[in-house]
Amino acid sequence: MQILIVEDEARILAFVARALRAEGWTVGVADNGSKGLAAAIANPYDLVVLDLLLPGMDGLDLLRELRERKPLLPVLILSARSDLDTKLRGFNLGADDYLVKPFSLGELLCRVRVQLRRRQPPAESSVLYAGPLLLDLTRREARLGPRVCELTDGEFRLLHFLLEHAGEVNSREQLLSQVWGYDFDPRSNVVDVSIRRLRQKLGPEAPIETVRNVGYRLAAG
Ligand code: CA
């Protein structure tokens with residue numbers, strides 16, 4: 001599990017980083033808001049511990065931008081700001097937890113563990129992810145951020161196949177035979193129609209790319 005700490009006070013940054021590393025987690029650090037946002041977007045972190053009063057970019061602004069790029073990445077705010085208004089703004093912007101400074105290290109570690117536990121995919125890996133997209137194989141539903149998309153059986157199997165082959169280009173012929181079990185039929189447009197429906201249901205942030213003259217690819221995380 002990888003954790004990013006965004007914190008401008010060197011003493012707190014070093015203290016928290018040391019404590020989290022001692023628990024066996026991999027820790028990245030950023031000492032201002034804009035560096036923190038860039039690091040959170042560029043790396044596969046499982047949690048961000050976020051200060052609010054930061055140089056470069058305020059923590060709440062960072063959170064707002066991060067949510068557009070990574071709606072599912074857990075964020076624990078760790079701030080000296082204890083007023084209810086700031087807490088509510090943090091939660092409304094998508095924070096998963098909020099701890100006020102000064103804090104107890106034991107409590108921080110407990111709250112970090114809770115967030116990381118939620119991050120573990122359920123047993124048997126019944127959930128597949130790619131970027132903001134999540135496919136729940138048990139519930140047979142897709143989610144993009146907070147939005148749940150109901151899929152038909154064909155759409156579900158198509159998306160499942162694309163997710164299992166995320167990053168790879170899949171030809172129409174391949175999809176037709178792997179997802180629908182059909183031999184290639186040049187007149188069939190079932191693949192294109194299903195991709196179009198999937199895109200409509202998932203919305204503009206759906207990471208399904210058209211590869212000209214070949215087929216489709218689901219952008220990997
Ligand atoms: Ca600060």
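I began with Asp-51, which is buried at a relative accessible area of 3%; buried means under 20% relative accessible area, exposed over 50% and partly exposed in between, with a 1.4 Å probe and protein chains only. I noted that this is a predicted model, in which local features need pLDDT of at least 70, side-chain atom pairs count only at pLDDT 80 or more, and totals for chains, interfaces and linings use all residues. Residues are numbered from 1 along each chain as its sequence is written, and side-chain values use heavy atoms, with hydrogens and water left out.

The ion is coordinated by Asp-8 (OD), Asp-51 (OD) and Leu-53 (O) at 2.2 to 2.4 Å. Asp-8 and Asp-51 lie 43 residues apart and link distant parts of the chain. I recorded Asp-8 as partly exposed, at 32% relative accessibility.

**Nonpolar core.** I then examined the nonpolar cores, sets of buried Ala, Val, Leu, Ile, Met, Phe, Trp, Tyr and Cys residues joined through side-chain atoms within 4.5 Å. The largest has 26 residues, and Leu-159 and Leu-202 have the most contacts inside it. Its largest share, 6 residues, comes from H6. A second, separate core of 22 residues includes Ala-30 and Leu-73.

**Helix H8.** I found Leu-198 and Leu-202 among the buried residues of H8. Helices are DSSP runs of H or I with at least four residues, numbered from the N terminus. Just after H8, Gly-203 takes a positive phi of about 90°.

Key:
Helices (H or I, at least four residues) and strands (E, at least two) are DSSP runs, numbered from the N terminus. Donors are N, O and S atoms within 2.8 Å of the metal (3.2 Å for Na, K and Ca); water is not among the atoms, so sites may look incomplete.
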